[in-house]
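Student: I would like to go through the terms used for this structure and see what each of them rests on. Could we take them one at a time?

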Amino acid sequence: VIEANERILPTESKQIAKFLKDNLEQRGVTFFENCQLDESSISINTDNVSITVNNDQSVEAEKVLIAI
């Protein structure tokens, strides 16, 4: 999960957001919070998408869901 805000679920309480994040991390979900992406951060390839977060770490996926 790549989140532009400082935490996931910014309209919910901090306790609820932390509870959900902790549970999802236990299931193997990785979070990148406070990330601003632009066109240069995203590379679309024939079989995957590569996204550079925090100017140094690359995340690759076969499919991407975008929510604004």
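**Terms and the values behind them**

Tutor: Being four residues apart in helix H1, aspartate 22 and lysine 18 are separated by about one helical turn. This is a predicted model, in which local features need pLDDT of at least 70 and side-chain atom pairs count only at pLDDT 80 or more, while totals for chains, interfaces and linings use all residues. Residues are numbered from 1 along each chain as its sequence is written, and side-chain values use heavy atoms, with hydrogens and water left out.

Student: What makes aspartate 22 and lysine 18 a salt bridge?

Tutor: A salt bridge is a side-chain nitrogen of Lys or Arg within 4 Å of a carboxyl oxygen of Asp or Glu. The closest N and O atoms of aspartate 22 and lysine 18 are 2.8 Å apart, so the pair qualifies. An α-helix has 3.6 residues a turn, so residues three or four places apart point the same way.

Student: How many salt bridges does a search of the whole structure find?

Tutor: The search finds two. Lysine 21 and glutamate 33 also form a salt bridge, with their closest N and O atoms 2.8 Å apart. This pair links distant parts of the chain, twelve residues apart: lysine 21 is in helix H1, and glutamate 33 is in the loop between H1 and S1.

Student: Why is lysine 21 called buried, and what is glutamate 33 called?

Tutor: Buried means under 20% relative accessible area, exposed over 50%, and partly exposed in between (1.4 Å probe, protein chains only). Lysine 21 is at 19%, so lysine 21 counts as buried. Glutamate 33 has 22% and is therefore partly exposed.

Student: What do aspartate 22 and lysine 18 count as?

Tutor: Aspartate 22 is partly exposed because its relative accessibility is 29%. Lysine 18, at 51%, counts as exposed.

Student: How do you know that the length of helix H1 agrees with its number of residues?

Tutor: Helices (H or I, at least four residues) and strands (E, at least two) are DSSP runs, numbered from the N terminus. The expected span of a helix is 1.5 Å times one less than its number of residues. For the 13 residues of H1 (residues 14–26) this gives 18 Å, and the end C-alpha atoms are 18 Å apart, so the two agree. Just after H1, glycine 28 takes a positive phi of about 100 degrees.

Student: What makes Phe32, Cys35, Val49, Ile51 and Val53 a nonpolar core?

Tutor: A nonpolar core is a set of buried Ala, Val, Leu, Ile, Met, Phe, Trp, Tyr and Cys residues joined through side-chain atoms within 4.5 Å. Those five residues make up the largest such core. Contact means heavy atoms within 4.5 Å. Leaving aside neighbours within four places in sequence, isoleucine 51 has contacts that include Ile2, Leu37, Ser41 and Ile42.

Student: Why is serine 41 called buried?

Tutor: Serine 41 has 12% relative accessibility, so serine 41 counts as buried. Serine 41 lies in the loop between H1 and S1.

Student: What is isoleucine 42 called, and where is it placed?

Tutor: Isoleucine 42 is partly exposed because its relative accessible area is 40%. Its place is in strand S1 (residues 42–44).

Student: Why is glutamate 6 called exposed?

Tutor: Glutamate 6 has a relative accessible area of 61%, so the word exposed applies. Glutamate 6 lies in the segment before H1.
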